[in-house]
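Please open the model in your viewer and keep the selection tool at hand.

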Amino acid sequence: MSHAGAQKGSPLTLVLMIASASIGGTLQYGYNLAIMNAPTTFIQSFINETFLERWDVQLEEYQVTLVWTIIVSIFSLGGFAGALIAGPMTIRFGRKKCLLLNNIFLMTAALLALTSRTARSFEMIMISRVLVGINAGISMNVQPMYFGESAPKHLRGAISLSSAVFTAFGVVLGQVVGLREILGSEPCWQYLLASNAIPGLIQLLTLPWFPESPRYLLIDRGDKEACINALRRLRGCEVQSSELDEILQEQAETKGMRASHPWELFTDRSVRWQLISVMIISSAMQLCGNDSIYFYASYVFKEAGISDDKIQYATIGTGTCEFTACIMCNLLVEHKGRRFMLAGGFTLMTFWAVVFTIALTVLFGFFCFFSAGVTGILPTEIFNQAARPAAYMIAGSMMWLNLFVVGMIFPFLVSGLREYCFVPFAAICLLSALYVGLFLPETKGKSLSVIMREFHRLNFKGQENHFEAQTKPQYQLGEVCLSTAL
């Protein structure tokens, strides 16, 4: 029988939870990548005017470009800081509350951006970008973790990949809002930079109504009843004990273990190949150059010979390509598997990077296949509950550091290598595809315990007895587990 105080749900609850978390989460990453492209010339003029008013100094063009590059790239350093604090925050506050608290950084950033023009301070824009970066760094780590721990096994890949779908949607939304006809004009650029507060407000109003991650509730907090109520709400039906068995088994495997620190993973042989995999793939997703192109899309299209009045519409085309490809990948990931999608995405990006070298005017294909990468799923699937927050911290740190590096050097690559500027990106994509195809085990449709055993065989070759016998679950598979059974 059902527990009298249990909350009922419906399958729609999971869908709405995904939308709520993503609107104020990874959508912000894509949105804040895109909105910096439209006001480039306006903010550069503002920087020059500010220097002239304060110190009666007329900056040279390269000096304005340098300040602008710092404003753009400092977003990545904020993201790096956010990735570092995301792990401790999820352990202390949980996945859902962490996403809600994350909006403090966002709202402060929006206020600074909104008032920067009146205050005649480009430094406020810099601080705003750092805070927005922290917000994005936290959400890029916490949201996939929240989704991976809340999703049923057969949908875990698709639901985790929805983070990428909302990132791509954020890019398109930012490009549209940044049109000159909307907020991309000279009088409105401060409102464009502050417009990211609206998705954050939507999340603050909606996410509290949804449950916490069931795995966090049971494994970290030891609250079985809350876990089952969360599962019931997210699934819209009584909880199958087969699903609860898997969580209980992971709880048994991590019993007595405290949450790992990031530096401890580097000396832990049992996660050697997992750590190598997330570091390589997280780095490759930025070193392929895709997100840096969004920073400098206007410059790239101008070099490609597109007229100034058409560039803003061309940039929307790139975002739309990635958004469309994300949706397709979301539909394919549970059929084709993670390794196929990652290796295929990097291989096709290699091909299109070569095409760029031959004809820089052909740009859209690259964005279509970038989204075949399913990087955000991996730490959830290949690390246990104790190591997962630290793994996301490392993966996120690699992603943001490499985004900063590529963001800083990309203009110099374009000016130095010109039509050969995509050759380094092609080499990185090819090497990444080879690594995924040769070394990364497939995780599609497998329980976390089975995945851990597969990586154990890689980490301890010839030592099959090293892995301790798994604790048997306390429920029979296939039975409905009611809260009164607890």
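Rings of Phe, Tyr and Trp (its six-membered ring) pair if their centres lie within 6.5 Å; planes under 30 degrees apart count as stacked, over 60 as edge-to-face and the rest as tilted. The model is predicted, so local features need pLDDT of at least 70 and side-chain atom pairs count only at pLDDT 80 or more, while totals for chains, interfaces and linings use all residues. Residues are numbered from 1 along each chain as its sequence is written, and side-chain values use heavy atoms, with hydrogens and water left out.

Select Y29, F75 and W400 to begin: ring pairs link these residues into a cluster. Across the whole structure, a search finds seven aromatic pairs. One of them joins Y29 and W400 edge-to-face, at 5.3 Å centre to centre and 85° between the planes. Y29 belongs to helix α2 (residues 26-34) and W400 to helix α22 (residues 388-417), so this pair ties together parts 371 residues apart in sequence; helices here are DSSP runs (H or I, at least four residues), numbered from the N terminus. Y29 is buried, with a relative accessible area of 2%, and W400 is buried at 0%; buried means under 20% relative accessible area (1.4 Å probe, protein chains only).

Next, select F51 and F122, a stacked pair with 5.3 Å centre to centre and 15° between the planes. F51 lies in helix α3 (residues 40-55) and F122 in helix α7 (residues 122-150), so the pair ties together parts 71 residues apart in sequence.

Finally, select C227, which is buried at 0% relative accessible area, and C429, also buried at 0%. How many disulfides are there? The count is zero, where a disulfide is a pair of cysteine sulfur atoms within 2.5 Å.

Key:
Buried means under 20% relative accessible area, exposed over 50%, partly exposed in between (1.4 Å probe, protein chains only). Helices (H or I, at least four residues) and strands (E, at least two) are DSSP runs, numbered from the N terminus.
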